[in-house]
Amino acid sequence: MADEPYLAASSTLRHGPALVVLTGPPGCGRSTLLQRIAAAVPGPVHAGGGLAMLAGVPALALSRAVRARLPGDDVHLLAEAVRSRVRGGLLILDDLQHCDPATVAALAHLARSCRVLVALRTPHRLPADLHDALREAATAWLPVPPLTGEQSLTLARRTSARLDEATLAAVTGRAGGNPLAIIALARQAAAGRAPASAEIDQMAYAIATALADLPRPARTALAALGLLGRPAPAALLGPGAADLQAAGLVDTEPGGALHPVSAYVAETAAGLLDAAARTDMHQRLAQLTPPAEAARHLAAAGDPAGAYRQALAAADQATGGERASLLLFACGLDTPVDLRVRLAAADALLVAGRAGEAASVLAAAGARATGAAAPLALEVAVLHGEALLQAGDPDAAGAAVRGVPDAAATAVVAARDRVLLLAALATAPMSALDLAEKITARHPQPLPGVAAALAAVRAEHRVPGWDTDLTAAADPAGDPLISRWSAWLLVEHLAADGRLQESADVARRAAATAAETLSYGWQTRFLAAADWALALHGPSDGTESLLRQAGNLTDLALPEQARAYATAATALIEADTGLLAAARGRLKTAPRHPAADWVAREAAWLDGQPERGDTDDTGDGLLAGLHAITARWAAHDLGVPDSSPVPTGLPGPARRTLTAWAVGTGFPAAADSWQPIALREQIRCLIAAGLTDPDRDRAVAALLRAEELADGAGLTVLAGRARRGLRQHRVHRDVRGRRSQGGLTQREQDVLRLVAAGEPTRRIAGQLGISSETVDTHIRASMRKLGARTRTEAAALAFAVSPTRPDTSDNSEDGR
């Protein structure tokens, strides 16, 4: 039974990306089990762990594991930085209970592409939401069981071979199967310091007894390591460091720093100090450590005023997420906090993307926006409103700034009007138009924040010139938050209007700008949106490069919105090119989003399952139109009437297509309107024309054009649909393509590609628009040419890449 976690973890981690969590009380053998599993799992090992007193330092545990400095203020960038270093190796984190929130949050992202093994001591102080998210992301959650009776006796004998059987039984009985307690109690019993039958607190006695054998300087040094919560140079620890090394209680890291073999033992040593001694130790460490660390030691020593001063000094030298964390720490101390510090903290937190914490910091200030309020209190009020707005609470944001008077400073009034306008846009879009007119009159030369908010209102209502205004607000030379937010609105609104190429171009430029400032979250969001727009539009250089690019993006640690767009783009290309099994598998892990939901619905239709894939979240603009068009196709295939109203606010091509479905004519004109926007939708309109036009010549001409376009773009399934339509008109065409590698025809390659994707014969036939017998014929021919014994082997041989393989192309029609 004791080996069950070892076997389960080893097996899980051998089979690809996974997150395995080992849990158990102090001394249960978690660290030893981590080492055993690491030895059993192939591949390089990257081992790190949390440190008690530095639990607030972002990414410390992961930095120790990959031996690199990591960005701790952006969870997605942190996960990607670790993934790029770990790759096929094994990431191990011990003492997860001492890790910072960013590290714990990154594990869910890493588990998608890496093998991750962590140990979590119980009890722990992880916040409930982090603990729940960790449990949900874990592939396996394995409590480490106590040693069995026989295993306990074996460990006790190995520790102290001179003990008799009665003493061994007493030691193991009191240790309760805890390896650390067994070792400590066995050593204590062998030294004869206390009768083995005494009533004791197993763990406390075991550790206290072991530490009692150390000289006082060594106990002090070990206690200092426990309070520091990180490795420290021997000079900082004093003369006791040498005794700790001799006792095997510390290890030496590259560079000479010492760290405890067991963090729990070091923490226990610190816990053995009385209150006065612990305070003195913290005060001493505060004098020997940098300001950021010294602030935490002073806080632990009961000196919040000193901690406040040190935190502000450290924040002055820091940037980005580190500055935000230090100012947040200062605001949380039990000491008077200057309003200017709260403003600086909230501003830094907003820049770091931590809007909820920014709102909390300002709410604690207790400032209220009234006509009699001090100017600084009004600044607090408007920044509080901005934080609430970015945190997704527009009602509270409006309430926070509504009392700011018109007589306030110009910048304060501008910030108030921005919050009020965007709050109205989120809650009552029509009223936002009236409010925008009033704000325009009040600010004839608006500040950038107000100008961006006005542009957002015009964009939402498609006021002529909205795209020019939003482009100006998205100028990368301006405020980073305003410009990126405006650029994202521009990308989404252009896509909603069917201006897909423009949307992709704007997204690519914005991604490049974000990359220059290492804004990974924004960069990947823009790249994913660009891939989605191009997947719909139809890339000019074919689908292969876009599929590879979007597929690579889905393997990274992404924000949810970026993952949704990247997954939708990849799955749409896979579905259109016949890889429906791959598309279905990918979509199972996609976040809920109108784009991903439509691709799932479309893939079901392409797969001959029109009854599947209904969704309530259809989005707006182009996506709403695509949902409605796919629903019309599903109703047509099922032979059921569909009298759903045409959604409002659709781009022209989508509206024309749905009107054609409603009246039964007009598909060729709708197809022409799609031509500069989305190739696949142009093809679908041509197929619809071929299936609904009563004139046979016009129907056949439309289907032939659809087949030509689909074959040229590699849209295998739509080409198959066109050919099925042609057969209904008794048109049978020779679609055998030229020979390629291994003497295979293009059609044989198409079949084997679907075989490699796991598709059965029936679905291959449906997707390619050929009969099941023809599929079997192509498979048999391929097996003969490649010398394969099975269809799976033929698929593997057909797509094996060999740089030295000779060109055996056969461009004849029959291959003989």
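This is a predicted model: local features need pLDDT of at least 70, side-chain atom pairs count only at pLDDT 80 or more; totals for chains, interfaces and linings use all residues.
A crossing of two helices is left-handed if the near helix is turned anticlockwise from the far one by less than a right angle, and right-handed if clockwise. Residues are numbered from 1 along each chain as its sequence is written, and side-chain values use heavy atoms, with hydrogens and water left out.

**Overall**

- The protein has 43 helices and 7 strands. Both are DSSP runs numbered from the N terminus: helices are H or I with at least four residues, strands are E with at least two.
- Of the 816 residues, 53% are buried. Buried means under 20% relative accessible area, exposed over 50%, and partly exposed in between (1.4 Å probe, protein chains only).
- The accessible surface is about 35900 Å², and carbon and sulfur atoms hold 53% of it. Areas come from the Shrake-Rupley method with a 1.4 Å probe; for residues, only the protein chains shown count as cover.
- Among contacts with a separation of 6 or more, 62% join residues 24 or more positions apart. Contact means heavy atoms within 4.5 Å.

**The sheet**

- Five strands form an open sheet in the order S2-S3-S4-S1-S5, with parallel pairing. Two strands pair if DSSP finds at least two bridges between them.
- Strand S2 (45-49) and strand S5 (140-143) are the edges; each has a single partner strand, so one side of each lacks a neighbour in the sheet.
- From one strand to the next, the twist averages 15 degrees.
- Strand S3 (residues 90-94) pairs with strand S4 (residues 115-121) in the parallel sense over 4 bridges. Leu93 has Val118 of S4 as its bridge partner.

**Helices H29 and H31**

- The axes of H29 (residues 520-537) and H31 (residues 560-576) come within 8 Å and cross at roughly 25 degrees. Axes are lines fitted to C-alpha atoms, for helices over the stretch in contact, and angles run from 0 to 180 degrees between N-to-C directions.
- H29 and H31 are therefore roughly parallel to each other. Angles under 35 degrees count as roughly parallel, over 145 as roughly antiparallel, 65 to 115 as roughly perpendicular and the rest as oblique.
- H29 passes H31 in a left-handed crossing. Residues in contact include Ala528 and Trp532 of H29, and Tyr565 and Leu572 of H31.

**Met281**

- Met281 lies in helix H15 (residues 275-288). Met281 is buried, with a relative accessible area of 8%.
- Beyond neighbours within four places in sequence, Met281 contacts Thr220, Ala223, Ala224, Leu227 and Leu273.
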